[in-house]
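The sequence and structure are shown below.

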Amino acid sequence: MLPERHPVVLCADDYGLSPGVSRGILDLARKGRISATGSMTNIPAFREAAAPLRELAGTVGLGLHLTLTAGAPLGAMPRLTPDGRLPPLGRILALSLSGRLHAAEIRPEIERQIDAFAAAMGRLPDFVDGHQHVHVLPGVRSSLLAALAARGWRGWLRDPGDRPAAILARPQARKAAVVAGLGLRLAAATRRAGFATNRGFSGFSDFAEGDGFADAFERSFRALGPAPVVMCHPGEIDEGLRALDPVVASRPRELAYLGSDRFAAFLEREGLRLVPGPAT
């Protein structure tokens, strides 16, 4: 009898960010090289990209990549976006950690993005996470949990934390530790709300140019938790991507690696099985 393979969710972030990013993610999903993707429903490019993604429902985890730091909101947010553009991460962090995010603006925008996903996909998301992990922030997570509960949602929320020893065993440990610290209360709050989370998270990158991505990414699979998620950011470069996100040059390298024979051999050698959602 063959040994049981360790299930892991390999989630491509940023679906809908640009046509090139969406094409790359779709290609990997159809080949079975990723097992989940989160959609940015506030970005105009998502609308056209939604139809081919619907075809993968049931075989790939389809999630909402809640976005408060890129593009424009789907409705008026005069306090947070007086110019109609969502602010950079540093601004959201400062407002969140000082208690100055206004639930009266944050929750309606969360609801708009959830409802945009449901309208485009014909169903609520299988999971929810956040662009630049904004879903874990004080002033965001409580509004998100309330909005999901009000819709009778039964999916899972991505917890970007992990055990300290596991974080230290992988690349970008400092970044991972900071994000884990910001999300310390997320798992407990999610459980109280009656939702599931993954157990184990990795895939942090420095997004640097160069040829070291494959080696670093494979180290992201060290010390996996019992129900882990590994994130990735593949895609093709286009003008839509350049206009909205600083992570550009590394995306084609991720795309090429994830579609390669080397990655297939790595999964086989390590006894890993890609699944659309964590065991709950």
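## Burial in helix α5

A residue is termed buried when its relative accessible area is under 20%. The structure discussed here is a predicted model. By that criterion, the buried residues of α5 are Arg141, Ser143, Leu144, Leu145, Ala147 and Leu148.

These buried residues of α5 pack against several elements: the helices α4, α7 (173-182) and α8 (186-192), together with the strands β4 (127-130) and β5 (156-157). After α5 comes Gly152, which has a positive phi near 65°.

## Packing of α4 against α5

Two packed helices are described by the angle between their axes and the distance between the axes. For helix α4 (residues 103-121) and helix α5 (residues 141-150), the axes come within 9 Å and cross at roughly 45°. The arrangement of α4 relative to α5 is therefore classed as oblique. The crossing in which α4 passes α5 is right-handed.

On the α4 side, the contact involves Ala103, Ile106, Arg107, Ile110, Glu111 and Ile114; on the α5 side, it involves Ser143, Leu144, Ala146, Ala147, Leu148 and Ala150. An α-helix has 3.6 residues a turn, so residues three or four places apart point the same way.

## Overall architecture

The protein contains twelve helices and nine strands. Its radius of gyration is 18 Å, close to the 19 Å that the globule rule gives for 280 residues, so the protein is as compact as a globular protein of that length. Along the principal axes, the C-alpha atoms fill a box of roughly 55 × 40 × 35 Å.

Of the 280 residues, 54% count as buried. Among contacts with a sequence separation of 6 or more, 79% are between residues 24 or more positions apart.

Pro87 lies in the loop between β3 (61-66) and α3 (89-97). Because its relative accessibility is 8%, Pro87 counts as buried.

Which residues does Pro87 contact, leaving aside its neighbours within four places in sequence? They are Leu68, Thr69, Leu80, Thr81 and Ile92. Thr69 is 18 residues from Pro87 along the chain, and the C-alpha atoms of these two residues are separated by 5.2 Å.

Methods:
Residues numbered from 1 in each chain as written. Predicted model: local features only at pLDDT ≥ 70, side-chain atom pairs only at ≥ 80, totals over all residues. Heavy atoms only, no water. Axes fitted to C-alpha atoms, helices over the stretch in contact; angles between N-to-C directions. Helix = DSSP H or I, 4+ residues; strand = E, 2+ residues; numbered from the N terminus. Parallel < 35°, antiparallel > 145°, perpendicular 65-115°, else oblique. Left-handed = near helix turned anticlockwise from the far one by under 90°. Contact = heavy atoms within 4.5 Å. Rg over C-alpha atoms; globule rule 2.2 N^0.38 Å. Buried < 20%, exposed > 50% of the residue type's maximum accessible area, 1.4 Å probe, protein only.
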